[in-house]
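Here are some exercises to work through with the structure open beside you. Try each task before reading its solution.

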Amino acid sequence: MVDDQAKLNATAHLYDSKTMRSSAPSRKAAAGKLKQNTEIPLDAIPEVHIPGWVESIFGGPVISKMKFLPPDRMVTSLQLSSSITLVLLCFLTFMITPVTGTAWFALSNMIGIGFIGGLFHFIIIGIGLIGGMYGVFQRDQKALLVSYIMLIIVTIRFAGSKVEFGLSFLPEGEIAQKLLLILYAIFLVMYMELSSGIIRFSMLDTSIRTGEVYVMGIQKITSRYHRSLLIAPSIAGFVALLTLFINRIIPAMVSIINPVSADRLRESVELTSVYGVALGTIVIFTIIGGAFAVNLPLRIQQFRDKQS
Amino acid sequence: MAWSRKSAMFASLAVALYLLGLVLRNQQLVTVAVVLLSFLTWAAFRTSHADVSSSGRRLDDLQNDEGIELQNILAMRKVSSSRIFEDGEVDVTLRLQNRSNTSKVLEVRDRVPEVMRIKKGANYVLMELGPQRETEISYTIETPLRGFYTIGPVCVRVQDAFGLFHNEKEIHLYEDFLVFPKMEDIKDAMIKSRVPKIFTGAVNIRNPGEGSNFYNLREYIPGDPMKKVNWKATARQDGKMMVNEFERDAVSDIILIVDSRKISETGPVSRNSLVYSTRAAASLSQHFLSRRDSVGLVIYGDEITSVDRDTGKKQLYVLLTKLAGAMAKGNTPMKIVTNRIMPHINRGSPIIILTPLEDDPTIVDAVRDLRSRNFDVTILSPSSLEFEFDARRLDRTGYEVLKTERDILMAELRGLGAFVMDWEPDMMLNTALSGARGF
C-alpha cells in the first residue's frame with residue numbers, strides 16, 4: 001500500500017520519456033469522435049489560388065482569383081478580331097472540307113439517308129462557330145475549348161481526301177491550293193491565339209484592377225502583343241510556304257549546278273508528294289534546330305548589347 | 001526554357017496532325033501541322049532571346065559595393081523595419097535595374113510569406129524595363145501573426161507575347177524580419193491588490209503606489225480614502241488637507257511560463273492558445289518591466305527555452321524575440337519544467353502560467369509542488385475548447401462534456417491555492433487577469 005502510494009507520487013518516470021495519460025480523457029480524442037464538421041477553418045488556409053486545368057491552358061502572366069470584370073478596350077478589340085477570324089475560318093472550313101470521305105458520310109450512306117452526313121458535317125462546323133462566339137463574348141474557357149475541338153475534328157477530316165475541296169469553284173492549281181491551305185491553317189492558329197488572348201488579357205486586366213498585379217507601361221506590353229500577332233503568322237506562313245514548295249525550291253537550287261538533275265527532281269513523284277513536304281519540313285527545322293543548338297538568340301542579343 | 005500547357009497542347013496537336021498526314025499521305029494535314037510548328041518555333045525563338053541573368057543585393061549595401069560584376073538584371077530591396085508588432089505594417093521597396101542595352105518585358109514577383117497580406121501596392125509587377133533603366137516597386141504588407149519571416153526571393157520571368165514559353169530565374173535576395181506578439185495595455189489589474197504586499201521577496205522602489213512604506217505627502221484629491229489623510233500635516237497647512245503617499249512594493253522576480261506544446265496550437269491559425277499565450281506573455285512582460293520588476297520567461301514545447309530574469313527595455317526585446325519564435329512542438333510535461341526551474345527562482349515569487357491545460361497529466365502535481373513551496377501561481381488558460389467550438393469542429397454535446405472536464409480540472413487547481421482563469425477568446429487580457437486574481 002505504502003509502495004503503491006510512493007509509486008503514485010514519484011516523478012522519476014517523467015524523465016524516462018514514458019507516455020503519461022491524463023486522469024481525464026483526452027479532449028482531442030473525444031473531439032475526434034464527437035465532432036460534426038471536419039471543415040478546416042477559413043483562416044487556416046493561406047489564400048493561394050491554384051489554377052484549374054482549363055485555366056492553366058488559357059492563363060497568361062497572372063491567373064485572376066475572381067470573375068472577370070467588364071472587358072477593357074484591349075479585350076474588346078481582341079473579341080472583335082477573334083470573332084471575325086472565327087467567321088472567316090468557319091467559311092474557309094466549309095469551303096475546303098467536303099463531307100465526302102468522312103465517317104459520318106459513310107454512315108449516312110449506309111443507312112440510305114445521304115443528307116444526314118452533310119447535315120452532321122454542317123452541325124460540327126456550326127458548334128465550332130457558335131461555341132466559339134459564345135466563348136469569345138462570354139469569355140467562357142470551356143466553350144472555347146469545345147470550339148477548338150470541333151474545328152480540329154473537321155480539320156482531321158482532311159485525312160479522308162487527297163486534294164479535294166468542298167466547293168467546286170475553288171482553284172484546281174497546286175500553288176493556289178497550297179496557298180489556300182496555308183491560309184486556312186493560319187486562320188486556325190490565329191483564332192486559337194486570339195481567343196486565348198481574350199482570356200489572358202481579361203485575367204491580366206482583372207488582376208490589375210483588383211490590385212493583384214501592377215503593370216508598368218501597359219501600352220508597350222499590348223503593342224508588343226499586337227506586333228507579335230502580325231509577325232508570328234507571317235513567319236509561320238513563310239516557313240510553311242518554304243516547306244510546301246520544297247519540290248520547287250530544291251530543283252531550282254540544283255538547276256544552278258546541274259539542270260538535268262534539276263529536271264529529274266521536278267518530275268520526281270516522291271518530291272511532289274507528301275514525302276517531299278516531309279523532306280522540306282526536315283530541312284527547314286534542321287536549320288532552326290541548329291540555330292537553337294548554338295544558342296543563336298542569346299548570341300544575337302549579346303552582339304546587340306556589345307554594338308550599342 | 002519552360003513550356004506552358006498551351007504550348008504543349010499546340011505541339012501535341014501539330015505532331016499528331018503531322019504524323020497522321022505522313023501515315024495517310026495527306027498533304028493538307030501536314031500543311032496545318034507545319035504552320036502550327038512554325039508558330040511554336042517562332043515563339044520559342046523569341047523567348048530564348050530574352051536573357052534573364054540577374055543578381056540581387058540589399059539596397060543598403062549598394063553604396064559600399066560598386067565593384068560587383070555587372071549583370072543584366074539587378075534587384076535591391078529595402079524594408080522599413082526589421083522588427084515589428086503583430087498587425088503592423090512593413091513598407092518594402094524593390095529597385096530593379098536593367099543593365100543591358102536591350103529592353104526587356106519582365107514579370108517580377110517579390111515573394112512574401114503566405115500569412116502576410118498586401119495592403120498597398122503590389123508585389124507582382126509586369127513591366128517593360130528599358131535599356132540601362134531602373135524602376136522601383138513599393139508595396140506595404142500587413143503582419144497578422146508573430147514569427148520570424150523572410151521576404152524573397154525575387155522571381156523574374158520573361159515570356160513570349162503569346163504565353164507559350166517562358167524563362168524564369170530567382171534572384172536570391174532575402175530580407176529577414178521579426179514580428180513580435182501584439183501587446184495589450186495592462187492598467188493596474190495586478191496592483192489593485194487588497195493586500196499591500198502581495199508577494200514575498202519584494203523590494204521597495206522610489207515610486208508612489210499601494211505599498212506600506214511612507215513615500216511623500218501631497219494635497220488631498222477628491223476620492224482619496226480618509227484613512228490616508230495625515231491630520232497632523234493638515235493642521236500644519238492651515239486646514240489644507242494632506243494625504244500620505246506610500247512607496248509601491250515592487251515584486252522582485254516574475255516568472256512567465258508559456259506552454260508551446262503541439263496541442264497549444266489547436267484551433268484556427270490566428271485564434272489558438274499559443275497565439276493568446278504569447279500575446280499575454282508579451283503584455284505582462286511589458287507591464288512588469290515598466291514597473292521595474294525583474295521578469296523571466298520559460299517556453300516549453302519539445303524543449304525548454306528560458307530567459308533569465310532581468311529588468312529594463314533590453315530584457316523586453318529579448319523576451320519578445322523569444323515569444324516571436326515560439327513554435328508549437330513536442331509534448332514536454334509541465335512537471336519537468338517546474339522541477340527544472342524551481343531551484344533557480346526565489347521562493348514566493350509569482351509565477352504566471354499560460355497554458356491550455358490539455359493533455360498534460362502532470363499539471364496538478366506541478367502546481368501542487370509550486371504551491372507547497374509558497375509560490376504565487378496564476379494560471380491563465382486560453383480555452384481552445386471555445387476556439388474549436390467557434391470553428392465548428394466540435395458539436396454541442398462534445399463541448400459540454402469537455403467543458404465539464406476542464407472545469408473540474410480548474411476547480412482542482414484552485415483547490416491547491418492557484419489563481420486560475422478560464423480565458424475565453426473574446427475576453428480582454430485585463431479582464432482575464434482580474435478574474436484570475438479574484439478582483
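**Exercise 1. Classify B:Glu219, then find its salt-bridge partner and say which parts of the chain the pair ties together.**

B:Glu219 has a relative accessible area of 44%. Buried means under 20% and exposed means over 50%, with partly exposed in between, so B:Glu219 counts as partly exposed. Keep in mind that this is a predicted model.

Next, look for the partner. B:Glu219 forms a salt bridge with B:Lys240, and their closest N and O atoms are 3.5 Å apart. Now place both ends: B:Glu219 lies in strand E14 of chain B, while B:Lys240 is in the loop between helix H3 (231–236) and strand E15 (242–250), so the pair ties together parts that are 21 residues apart in sequence. To finish, B:Lys240 is partly exposed too, at 40% relative accessibility.

**Exercise 2. Locate the salt bridges of B:Glu86 and B:Asp87, and decide whether each residue involved is buried or partly exposed.**

Take B:Glu86 to begin with. Its salt bridge is with B:Arg279, the closest N and O atoms being 2.5 Å apart. This pair links distant parts of the chain: B:Arg279 sits in helix H4 (residues 273–290) of chain B and B:Glu86 in the loop between strand E4 (83–85) and E5, 193 residues apart. Then check the cover. B:Arg279 has a relative accessible area of 19%, so it is buried. B:Glu86 is at 4%, so it counts as buried.

Move on to B:Asp87. Its side chain meets that of B:Lys182 in a salt bridge (2.9 Å, N to O). Here, too, distant parts of the chain are linked: B:Asp87 is in the loop between E4 and E5 of chain B, and B:Lys182 is in the loop between strand E13 (175–180) and strand E14 (203–219), 95 residues apart. With relative accessibilities of 46% for B:Asp87 and 31% for B:Lys182, each counts as partly exposed.

**Exercise 3. Describe how strand E3 of chain B is covered and how it pairs with E5(B).**

Count the cover: six of the seven residues of E3(B) (residues 73–79) are buried, which leaves the strand mostly covered. Then trace the pairing. Seven bridges join E3(B) to strand E5 (residues 88–98), and the two run antiparallel. As an example to check, B:Ala75 has B:Leu96 as its bridge partner in E5(B).

**Exercise 4. What covers the buried residues of helix H6 of chain B?**

List the residues in question: B:Met334, B:Lys335, B:Ile336, B:Val337, B:Thr338 and B:Ile341 are buried. These are six of the eight residues in H6(B) (residues 334–341). Now look around them. Their cover includes strands E16 (253–259), E17 (294–300), E18 (304–310) and E19 (350–354), together with helix H7 (363–372), in chain B.

**Exercise 5. Find the nonpolar surface patch that includes A:Phe115, and say which element gives the most to it.**

The patch has an area of about 940 Å², and its residues include A:Leu107, A:Met110, A:Phe115, A:Ile116 and A:Val146. Helix H5 (103–110) and helix H6 (114–138) of chain A each give two or more residues, and H6(A) gives the most, with five. A:Phe115 belongs to H6 of chain A; its relative accessible area is 59%, so A:Phe115 is exposed.

Definitions and conventions: Residues are numbered from 1 along each chain as its sequence is written. Chains are lettered from A and ligands numbered from 1 in the order in which they are written. This is a predicted model: local features need pLDDT of at least 70, side-chain atom pairs count only at pLDDT 80 or more; totals for chains, interfaces and linings use all residues. Side-chain values use heavy atoms; hydrogens and water are left out. Buried means under 20% relative accessible area, exposed over 50%, partly exposed in between (1.4 Å probe, protein chains only). Helices (H or I, at least four residues) and strands (E, at least two) are DSSP runs, numbered from the N terminus. Contact means heavy atoms within 4.5 Å. Two strands pair if DSSP finds at least two bridges between them. Patches are made of residues with over 30% relative accessible area and no salt bridge: like charges are joined within 9 Å, nonpolar side chains (Val, Leu, Ile, Met, Phe, Trp, Tyr) within 5 Å. Accessible areas come from the Shrake-Rupley method with a 1.4 Å probe; for residues, only the protein chains shown count as cover. A salt bridge is a side-chain nitrogen of Lys or Arg within 4 Å of a carboxyl oxygen of Asp or Glu.
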